Amino acid sequence: MKKLSIVDIANHLNVSKTTISFILNGRAQEKRIGKDLVERVQKFVDEVGYKPNSLAKSLRTGKSNIIGLMVEDISNPFFASIARLIEDRAYKNGYKIIYCSTDNDTQKTRELISMFRDRHVDGYIIAPPEGIEDDISSLIKDGMPVVLFDRHLPKVNTDFVEIDNLFSTYNATMHLVQQGYKNIAYITFASNQTQMQARLQGYKNALDENGLKPFIQEIVFSQDEELIMAPLSAFLKKHKNLDAVFFGTNHVGTCGLKVINSLGLTVPNDLALVSFDDYDVFKLFSPPVSAIAQPIEAIADSVITVLLNKLNTSSQHISSQSIILKTDFNIRGSSKKAEKAVAK
Ligand code: RIB
């Protein structure tokens, strides 16, 4: 059966297309359309099972009430928990979310932005990979509200929400130094993304201040655990002098724990541990792993609040804002020097 349009309904009921449109868009009262006519139209629409064409509506009204959310990997607990909180807040404000994963792949991200443009999303929330500056700048030039999070693009002037990455790793590395560890390694993904560079710098600054030698391993970004664990294992086998390791993300940290177990190393006596991102796996490890906890709720709340403000403010001349949030450093048994037995 041919899908009915608003014109078909108007012709069938001998009512103007405009009146039908007002009634179906909930504007009958505003337009002082009589209750009897509203009921007659609604009864017919229910009988024929008419479904408004959301794409046609968005073309007509210029609003789709959809937000495009692009994260690195929607199955990653960090991005998944933030995405869920954003979805709840957006829904309460009349918006639906379309998620997708960039896999840190520039070309895939370009294609996803194009898909969102075709769907006429009203706004974008993006954790951008490298190399996507021109595409983001083009969205902004076209008047699209864009908020970046987790990392930003220094060459693009737009709103973003990040955490104080540099201080977080500086502070955690200083903790290891103060515990007396001397050969402290930092294992992370190779990335020029702003958050990853800031974390690496914080580690370097702390060691530099204390005259300690850095031991750094940058692994090619992968979601395949084997491709993370193999180089990580080789690095630990090569540097037997290490007394502490700092993992730069949750993914590297969980792979690191598996490697440490497979090498039969004890924590903290053979190797003290700290990881970025705090998750149950780190709390359940024995001993529990010291970790930097990101403010998941505050990140999600800041991102959606900034975007909703941009969506609800017609002026395009709102100055861009960068919101930098604090993290918590949860010190646990994996990084504390065992208390030296005091001679009786
Ligand atoms: O995999 C998630 C990790 O990478 C988090 O540290 C987040 O900040 C992202 O950069």
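I found Ile323 in strand S11, residues 322-325. Strands (E, at least two residues) and helices (H or I, at least four) are DSSP runs numbered from the N terminus. The model is predicted: local features need pLDDT of at least 70, side-chain atom pairs count only at pLDDT 80 or more, and totals for chains, interfaces and linings use all residues. Residues are numbered from 1 along each chain as its sequence is written, and side-chain values use heavy atoms, with hydrogens and water left out.

I listed its contacts (heavy atoms within 4.5 Å), leaving out residues up to four places away in sequence: Phe160, Val161, Glu162, Ser302 and Val306. The C-alpha atoms of Ile323 and Val306 are 9.6 Å apart.

Next, the sheet. I read an open, parallel sheet of 6 strands, ordered S2-S1-S3-S4-S5-S11; strands pair if DSSP finds at least two bridges between them. S2 (96-101) and S11 are the edges, each with a single partner strand, so one side of each lacks a neighbour in the sheet.

Last, the core. The largest nonpolar core has 45 residues (buried Ala, Val, Leu, Ile, Met, Phe, Trp, Tyr and Cys joined through side-chain atoms within 4.5 Å). Helix H13 (residues 296-312) gives the most to this core, 9 residues. Phe149 is among the residues with the most contacts inside the core. I noted that Phe149 touches Val161, Ile299 and Val303, among others.

Definitions and conventions:
Buried < 20%, exposed > 50% of the residue type's maximum accessible area, 1.4 Å probe, protein only.
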